[in-house]
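The sequence and the model are shown first, and the description follows.

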Amino acid sequence: MSERPNGLTYAQAGVDIDAGAALVERIKPLAKSTRRAGSEPSLGGFGALFDLKAAGYDDPLLVTTTDGVGTKLKLAIETGIHDTVGIDLVAMCVNDLLAQGAEPLMFLDYYATGKLDVDAAASVVAGIAEGCRQAGCALVGGETAEMPGMYSDGDYDMAGFCVGAVDRDKVIPRLGDQKAGDILIGLGSSGPHSNGYSLIRRIVERSGLAWDAPSPFSQDQTLAQALLTPTRIYIKTVLPHLKAGRIKGLAHITGGGLVENPPRAVAEGLVARFDWTAWTPPPVFGWLARTGGVDEAEMHRTFNCGLGLMLIVGPDELPEVLEGLVRAGEDAFVVGELAQA
């Protein structure tokens with residue numbers, strides 16, 4: 001077919017196919033670094049296969065999760081610090097799997113932007129690969145969408161999708177087994193994780209501090225670096241206790257904070273009763289509350305306030321679970337108990 005004079009190309013419309021191909025080549029080694037039993041990551045195909053038998057499951061149920069990073073991305077975009085939000089993306093998905101007792105097996109991402117910046121995108125995917133390595137799951141594919149006119153220059157958004165598995169007899173929450181007097185264990189967070197950043201950005205505006213100003217609540221970091229601390233991934237420390245059947249319920253403390261998330265893991269007729277003096281939240285939360293004039297109730301319903309996960313265990317399982325988590329490197333502590341509603 002002969003070319004038409006003055007004919008338009010996709011590149012002239014704002015989509016650079018060559019840049020997309022260059023990104024795929026850049027991230028292939030990152031995907032390979034996440035391989036695990038049951039999966040052989042191979043970017044460029046139309047789908048990904050996973051062998052549950054090779055992963056060691058006898059009677060598995062599949063569990064799926066999806067999530068994003070929210071307006072924490074605005075901070076990354078405004079500061080040019082792109083290498084940690086990929087960890088957040090993985091964490092938000094894989095930690096949710098724990099709430100069903102499941103192990104993350106494979107992860108896919110969706111990355112959308114107005115004009116593809118290969119270096120920025122590769123940095124984001126490097127973070128995704130790091131998150132997958134921390135979670136023990138394979139990065140098996142994804143989608144990069146260049147959509148001029150949809151996003152402003154430099155902006156991007158992303159979503160994550162994770163598939164996990166749990167043997168049928170290990171599914172949680174075990175609502176029928178829960179009873180008043182069961183113990184709540186908290187696992188410390190690394191900070192706000194990936195929630196409340198619309199409020200955080202307003203508080204930073206009120207403070208008058210620039211993103212590159214020294215952090216007022218942590219040493220040797222700028223404010224941006226401190227607030228971009230990635231979400232903690234709890235898979236490798238918690239999963240052994242789930243597989244051993246020691247945990248009756250688990251809440252990932254995300255949007256809705258310590259008000260909305262715990263009830264999702266608790267049986268009807270019971271309530272999670274916290275001892276609010278049992279732990280000291282990281283200093284970032286005190287700074288946010290003081291600087292923004294945020295009252296305690298609003299802090300509890302917006303942020304994790306220092307608890308990334310809440311586990312429910314029977315009193316007889318408490319010593320083994322708590323000591324095992326601490327030995328594995330978690331900041332784990334008793335935060336309360338289940339009580340009659």
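## Residue Gln340

Gln340 is placed in strand 9, which covers residues 332-340. The model is a predicted one. Gln340 has a relative accessible area of 54%, and it is classed as exposed because this value lies over 50%.

When neighbours within four places in sequence are set aside, the contacts of Gln340 are Ala180, Gly269, Leu270, Val271 and Arg273.

## Residue Gly188

Gly188 belongs to strand 5, formed by residues 183-188. Its relative accessibility is 7%, and Gly188 is therefore counted as buried, the limit being under 20%.

With neighbours within four places in sequence again left aside, Gly188 is in contact with Arg232, Tyr234, Gly306, Gly308, Asp331 and Phe333. Glu323 is 135 residues from Gly188 along the chain, and the C-alpha atoms of these two residues are separated by 15 Å.

The model contains an open sheet of 4 strands, arranged in the order 1-4-2-3 with mixed pairing. Its edges are formed by strand 1 (60-68) and strand 3 (138-146), each of which pairs on one side only. On average, neighbouring strands of this sheet are turned by 15° against each other, with direction ignored.

In general, the strands of a sheet pair through backbone hydrogen bonds, in either a parallel or an antiparallel manner.

## Pairing within the sheet

Strand 1 pairs with strand 4, residues 156-167, in the antiparallel sense, and 9 bridges connect them. Within this pairing, Thr65 stands opposite Cys162 of strand 4.

Helix 4, which comprises residues 118-135, packs on the sheet. Helix 4 touches strand 2 (103-113), strand 3 and strand 4, and its direction makes about 170° with that of strand 2.

Strand 2 and strand 3 run parallel and are joined by 8 bridges. Tyr110 has Glu143, in strand 3, as its bridge partner. From strand 2 the chain passes through helix 4 to reach strand 3. This β-α-β crossover is right-handed.

Key: Residues are numbered from 1 along each chain as its sequence is written. This is a predicted model: local features need pLDDT of at least 70, side-chain atom pairs count only at pLDDT 80 or more; totals for chains, interfaces and linings use all residues. Side-chain values use heavy atoms; hydrogens and water are left out. Two strands pair if DSSP finds at least two bridges between them. Helices (H or I, at least four residues) and strands (E, at least two) are DSSP runs, numbered from the N terminus. Axes are lines fitted to C-alpha atoms, for helices over the stretch in contact, and angles run from 0 to 180 degrees between N-to-C directions. Contact means heavy atoms within 4.5 Å. A crossover is right-handed if, with the strands pointing away from the viewer, the path from the first strand over the helix to the second runs clockwise. Buried means under 20% relative accessible area, exposed over 50%, partly exposed in between (1.4 Å probe, protein chains only).
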